[in-house]
Amino acid sequence: MTGEIWAPVLPLAGVLLGGGLTAFAQRATQRSAERTERHRLAAATAESRRAEQLAVLKEFVARAQQAEQVAYSRPEPWGDDEQGWMTGAKPVMTALWTASGNVMLMCDQRLHGPVRAYGHALNQAVWREIGDTEVNEHLETHKAAFMAAAHSSLTSG
């Protein structure tokens, strides 16, 4: 009688064990796929964020270069709106401050100080609040500090 009981039970136990192992394997595969997808999505998000930050930094650098050109082209001696220089300088400086604000919003906090200092130095150079100091001499330290901080921010993620 024992053989009669075990004969149908053993295949049933085998089916249950096989089904359980299959379910376990499928669940493990599903969790692995979900984990892989989360990592892929995180990497894609990080790369997208980096691309946005790079675009904002490029815009700031372009606006800083325009401000530097305005500083070099300022007429001497300073007087009225000499040949439209001031009329052209104001929108350039507005664009610089807008670009610096975008850097503050989009980029690492380590960039805030260097962006602010470089923008302030450019503002001083454009409006000749630098005395007898040459424009490039006045900007050199601030520009280098900003570029180093921007590079560090982009390479450290």
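In this predicted model, helix H3 comprises 15 residues and spans 21 Å from its first C-alpha to its last, close to the 21 Å expected at 1.5 Å a residue. Eleven of these 15 residues are buried, so H3 is largely enclosed by the rest of the structure. The buried set consists of His112, Pro114, Val115, Tyr118, Gly119, Ala121, Leu122, Asn123, Gln124, Ala125 and Val126. After H3 comes arginine 128, which has a positive phi near 55°.

Further along, the loop between helix H3 (112-126) and helix H4 (135-156) holds aspartate 132. This residue has a relative accessibility of 80%, well worth a look in the viewer, and therefore counts as exposed, the cut-off being over 50%. Aspartate 132 also belongs to a patch of negative charge on the surface, where it gathers with Glu134, Glu137 and Glu140. A patch of positive charge is found on the surface as well, formed by Arg27, Arg31, Arg35 and Arg38. Of this group, arginine 31 lies in helix H1 (residues 2-72); its relative accessibility of 43% makes it partly exposed.

Four salt bridges are found in a search of the whole structure. One of them joins the side chains of glutamate 37 and arginine 40, with an N to O distance of 2.6 Å. Because glutamate 37 and arginine 40 are three residues apart in helix H1, about one helical turn separates them. Both partners are partly exposed: glutamate 37 has a relative accessibility of 38%, and arginine 40 has a relative accessible area of 46%.

A second pairing brings together the side chains of glutamate 68 and lysine 143, at 3.4 Å from N to O. Here the bridge links distant parts of the chain, since glutamate 68 sits in helix H1 and lysine 143 in helix H4, 75 residues apart.

Another salt bridge is formed by arginine 110 and aspartate 108, whose closest N and O atoms are 3.1 Å apart. Arginine 110 is partly exposed, at a relative accessible area of 43%, and aspartate 108 is likewise partly exposed, at 29%.

Technical notes. Residues numbered from 1 in each chain as written. Predicted model: local features only at pLDDT ≥ 70, side-chain atom pairs only at ≥ 80, totals over all residues. Heavy atoms only, no water. Patch = residues over 30% accessible without salt bridge, like charges linked within 9 Å, V, L, I, M, F, W, Y side chains within 5 Å. Areas by Shrake-Rupley, 256 points an atom, 1.4 Å probe, with all protein chains shown as cover. Lys, Arg positive; Asp, Glu negative; His and termini not counted. Charge placed at Lys NZ, Arg CZ, Asp CG, Glu CD. Helix = DSSP H or I, 4+ residues; strand = E, 2+ residues; numbered from the N terminus. Buried < 20%, exposed > 50% of the residue type's maximum accessible area, 1.4 Å probe, protein only. Expected span 1.5 Å × (residues − 1).
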